[in-house]
Amino acid sequence: MPLSTPSRNVRFMPTMPKSLFWTRTDTAGAEHVLLDGGQGLAARGVALAVDPIPYTCRYQLTVGPDWAATGLEVAVEGAGWSRTVRLERTGDGWRVRTGEEGDLDAALRAAGHAPAGLPGTDDPGRLADALDIDLSGSPLFNTLPVRRLGLSRGPADQARRVTVAWVLVPGLVLVPAEQTYTSLGPGRVRFASDTFTADLDVDPDGFVVRYPGLAERIDPR
């Protein structure tokens with residue numbers, strides 16, 4: 001199955017003036033994204049990792065001027081399988097479409113992992129309250145609530161709870177998740193989800209520089 005191409009509803013700037021690159025610190029992998037943050041955010045990225053099985057993930061993200069997510073297209077492929085998911089914000093929530101070829105669950109079982117299940121969600125209404133999207137394993141998506149809530153330059157100990165549409169990679173299962181972001185002063189934000197907590201280093205634009213246990217940004221020398 002060919003990888004996802006932008007729909008007519010996904011708008012991208014003719015140029016992508018900013019380039020960010022992260023190396024994964026939890027596994028062998030990396031992510032490269034090209035973006036334009038002039039009016040909200042338009043971004044296209046590629047992420048690669050070897051866990052739980054080797055995959056390549058390509059995505060295209062759009063965020064409105066208020067920094068609420070408006071759309072995401074993701075295509076993931078590995079040896080003998082591929083999946084896609086497309087999210088589009090509507091007037092009352094999210095429209096979700098998926099595609100699949102091959103058998104990811106069989107590949108996961110062969111590698112000793114639990115199956116991922118079907119991509120997408122059987123109840124898009126559960127995502128109605130989500131203003132942000134989180135693509136698992138990607139430090140770019142932490143920027144959405146950080147910028148939307150003004151946390152990178154906010155006063156210390158300012159905590160905000162958000163609901164996100166969480167896209168699990170590589171299976172592209174889509175679930176709602178509650179997350180908490182707390183400003184720790186300029187350039188520092190604490191991220192928490194369930195029992196997991198990480199103190200993120202972010203640049204003045206809210207993009208992650210260091211995500212302990214996940215990724216570190218590599219800037220040009």
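Strand β1 (residues 18-24) and strand β14 (residues 215-217) pair in the antiparallel sense, with three bridges between them; strands count as paired if DSSP finds at least two bridges between them. Within that pairing, Thr 23 has Glu 216 in β14 as its bridge partner. This is a predicted model, where local features need pLDDT of at least 70 and side-chain atom pairs count only at pLDDT 80 or more, while totals for chains, interfaces and linings use all residues. Residues are numbered from 1 along each chain as its sequence is written, and side-chain values use heavy atoms, with hydrogens and water left out.

**Overall build**

- The chain has two helices and 14 strands, where helices (H or I, at least four residues) and strands (E, at least two) are DSSP runs numbered from the N terminus.
- The radius of gyration, taken over C-alpha atoms, is 17 Å, which agrees with the value near 17 Å for a compact globule of 221 residues; that rule is 2.2 Å times the number of residues to the power 0.38.
- Along the principal axes, the C-alpha atoms of the chain fill a box of roughly 50 × 40 × 35 Å.
- Of the 221 residues, 47% count as buried; buried means under 20% relative accessible area, exposed over 50% and partly exposed in between, using a 1.4 Å probe and protein chains only.

**Strands and hairpins**

- β1 also pairs with strand β2 (residues 29-36), again in the antiparallel sense, over six bridges.
- Four residues sit between β1 and β2 in their hairpin, and Ser 19 stands opposite Leu 34 in β2.
- Strand β5 (residues 69-78) runs antiparallel to β6, and eight bridges join the two.
- Gly 71 has Glu 88 in β6 as its bridge partner.
- The hairpin of β5 and β6 has two residues between the strands, and Gly 80 in the turn has a positive phi of about 85 degrees.
- On to the next strand: β6 runs antiparallel to β7 (residues 93-102), joined by ten bridges.
- Trp 81 has Gly 102 in β7 as its bridge partner, and the hairpin from β6 to β7 goes through two residues.
- So how covered is strand β6 (residues 81-90)? Mostly: seven of its ten residues are buried.

**Salt bridges**

- Side chains of opposite charge can pair when their charged atoms come close.
- The structure holds 15 salt bridges, each being a side-chain nitrogen of Lys or Arg within 4 Å of a carboxyl oxygen of Asp or Glu.
- Asp 26 and Arg 24 meet through their side chains at 2.8 Å, N to O.
- Asp 26 counts as partly exposed at 39% relative accessibility, whereas Arg 24 counts as buried at 16%.
- Arg 148 and Asp 132 form another salt bridge, at 2.7 Å, N to O.
- That pair links distant parts of the chain, 16 residues apart: Arg 148 lies in helix α2 (residues 143-148) and Asp 132 in strand β8 (residues 132-135).
- Asp 132 counts as buried because its relative accessibility is 0%, while Arg 148 is partly exposed at 23%.
- Glu 216, the β14 partner of Thr 23, has a side chain that meets Arg 210 in a salt bridge at 3.6 Å, N to O.
- Glu 216 counts as partly exposed at 35% relative accessibility, and Arg 210 is partly exposed too, with a relative accessible area of 36%.
- Elsewhere, salt bridges that share partners join Arg 188, Arg 190, Asp 199 and Asp 201 into one network.

- Rolling a probe the size of a water molecule over the atoms shows where empty space is left.
- The count comes to one cavity of 30 Å³ or more, a cavity being a set of points on a 1 Å grid over the protein atoms alone where a 1.4 Å probe fits but cannot get out.
- The largest cavity holds about 50 Å³ of space; grid points are joined across faces, edges and corners, and the volume is the space filled by probe spheres set on the points.
- Which residues line the largest cavity? They are Arg 24, Ala 47, Tyr 55, Cys 57, Tyr 59, Leu 135, Ser 136, Gly 137, Ser 138 and Val 169, lining residues being those with an atom within 4 Å of a point.
- Strand β4 (residues 55-63) gives the largest share of this lining, three residues.
- By type, the lining divides into six nonpolar, three polar and one charged; Ala, Val, Leu, Ile, Met, Phe, Trp, Tyr, Cys and Pro count as nonpolar, Asp, Glu, Lys and Arg as charged, and the others, Gly among them, as polar.

Methods
1 Å grid on protein atoms, 1.4 Å probe; cavity = no way out; pocket = protein on both sides within 12 Å on 5 of 7 lines; lining within 4 Å.
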